[in-house]
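Open the structure in the viewer and show it as a cartoon. The stops below say what to select in turn.

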Amino acid sequence: MINAHEFFANSKFVPRDVLTKKGITARSTPTQFSRRVGQRLGGGTVEYELMDNPKVKLRTAKDWERVVAVLAFGAAWQFKDWPGHYSHPVRLFGSVFGFYVGMEGANVPKELQGWSVVQQKVNRDKRGMDSVTYASFWNGVDEFMSIHKPEMLPQPET
């Protein structure tokens, strides 16, 4: 989570160890940010919150219904204490947008193969390529929300 905000809000991947050497901690990293969506999705701004451990913050079924995307690490244990269908990756990724980010050249976890997640890579050295993975994530989230959770997109004023 320490490097999640920089990537998802600003399109810049910063390796975790670089941030920790600078003294940046998960507690000091912002977890909320705003993002403008395109006109075809109603225009306007959507508020997002990054969560490392959603079961701590999300207490009710209504809270969990607000989840639009989950980053998969490739192991089912990641979801073991999540409630209901959220604890089963195959069912989970039928109700939220799933995304996996790996390092270019690294093996993709085998368990991930049966899940409905978009797989992308970041390169260890080519920061200019981060924007491709960033765009893939946000295009996927936008498309998912437009189909499955349109009520979470900005609504046109009447």
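Helices (H or I, at least four residues) and strands (E, at least two) are DSSP runs, numbered from the N terminus. This is a predicted model, in which local features need pLDDT of at least 70 and side-chain atom pairs count only at pLDDT 80 or more, while totals for chains, interfaces and linings use all residues. Residues are numbered from 1 along each chain as its sequence is written, and side-chain values use heavy atoms, with hydrogens and water left out.

Select Phe 73 first. Phe 73 sits in the loop between β3 and α5 (89-95). Is Phe 73 buried or exposed? Phe 73 counts as exposed because its relative accessibility is 54% (buried means under 20% relative accessible area, exposed over 50%, partly exposed in between, with a 1.4 Å probe and protein chains only). Leaving aside residues up to four places away in sequence, Phe 73 touches Gln 78, Tyr 100 and Pro 109 (contact means heavy atoms within 4.5 Å).

Now go to Tyr 48. From C-alpha to C-alpha, Tyr 48 and Phe 73 are 20 Å apart in space, and they are 25 residues apart in sequence. Tyr 48 belongs to β2, where side chains alternate.

β1 and β2 pair in the antiparallel sense over 5 bridges (two strands pair if DSSP finds at least two bridges between them).
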